[in-house]
Amino acid sequence: MKTLKRKDSEYEIKKGRILRTKEITDLEKLFEIVLPGGENLNHEPGQFVMVSLLGVGEAPFSVSSSPTKLGSFELVVRNVGKLTNAFNRLKAGDEVGIRGPFGNGFPVHILDGSDLLFVAGGIGIVPLHSLINYAIDNRRDFGKVNILLGCNRPEDMLFSDELDEWTKRLDVNFECTVDRADSGWKGNIGLITSLIPGINLIPERTFAFVVGPPIMYKFVVDKLLEKEIPERQILISLERHMKCGLGKCGHCQINGIYCCQEGPVFSYDKIKDMRESI
Ligand SMILES: Cc1cc2nc3c(=O)[nH]c(=O)nc-3n(C[C@H](O)[C@H](O)[C@H](O)COP(=O)(O)OP(=O)(O)OC[C@H]3O[C@@H](n4cnc5c(N)ncnc54)[C@H](O)[C@@H]3O)c2cc1C
Ligand code: FES
């Protein structure tokens, strides 16, 4: 197994206090968390934290808020099992353990002046939400901003208040689609890949950010390559099962790559050889 030098602070568990919770769908809840003394998390968009609940366990969660939000940060938790079930029962004032932030995040430092294309499938909007809000808060630093979101059903859409705001903005193009809906839905029906051909973009100026369920990646990447976006400008976040977040347990490995350390964000040129395993 790889041995990686660790900083002591990466083992340190900080006490996070829940300031606010909000049920955003039947399955997902938003948590606003404050660290001792209101210390900033100092994360980059796309990074994650390890959250521990005493007597239950620890798991990774992407930071959904932008680093431009100071004094607290936000997570969105989908209730799927033991830990997330216990997490979803917590309320304002309760405490959780926080380690991190971990992972490489999106390369914000190379994006100045570029056009941004976000492609989010389902809960993949959570890590992208951090970068989208970062881009909106620093809007003059970027060219065109296109946001594409695909969900199973309209009621599965996260951040619905903000989606309305993004729709109204003149400096952002927001489009969404659902796999199925009843007759009350007036928007697009179809897979997220159906939205990509209609986007007007200049490939060499564009960075694409893709996060969603594993099945989505290769179909979305193929559409982005058809648009001639360079492989190194297609950035994908891979959320593998993780236990330690420290390069020790090996749970997150794909073909020898440790997602918790070298990822979760990879440019397509770096992972295209293992395209069938992602
Ligand atoms: C980098 C990273 C960022 C993440 N960000 C978020 C986030 O922002 N919000 C969120 O709700 N979840 C996120 N997850 C997933 C989250 O960590 C898992 O849902 C959580 O560990 C499940 O714990 P549990 O005890 O509730 O479920 P378990 O009882 O351990 O598992 C319940 C079910 O979920 C499946 N499962 C567990 N972990 C994963 C995983 N990593 N990927 C796919 N399936 C999984 C299991 O196979 C099982 O079917 C992230 C995972 C990673 C690696
Ligand atoms: S989560 Fe343990 S090695 Fe990556």
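Start by selecting Lys69 and Glu74: their side chains form a salt bridge, with the closest N and O atoms 3.8 Å apart (the term means a side-chain nitrogen of Lys or Arg within 4 Å of a carboxyl oxygen of Asp or Glu). Colour by accessibility: Glu74 counts as buried at 11%, while Lys69 is partly exposed at 30% (buried is under 20% relative accessible area, exposed over 50%, partly exposed in between, with a 1.4 Å probe and protein chains only).

A word on ground rules: this is a predicted model, where local features need pLDDT of at least 70 and side-chain atom pairs count only at pLDDT 80 or more, while totals for chains, interfaces and linings use all residues. Residues are numbered from 1 along each chain as its sequence is written, chains are lettered from A and ligands numbered from 1 in the order written, and side-chain values use heavy atoms, without hydrogens and water.

Next, pick Lys22 and Asp161, a salt bridge at 3.4 Å, N to O. Lys22 sits in strand E1 and Asp161 in helix H3 (residues 160-168), so this pair ties together parts 139 residues apart in sequence (helices, H or I of at least four residues, and strands, E of at least two, are DSSP runs numbered from the N terminus).

Then go to Glu39 and Lys14, whose closest N and O atoms are 2.7 Å apart. Finally, show everything: the structure holds 16 salt bridges, and the protein chain has six helices and 15 strands.
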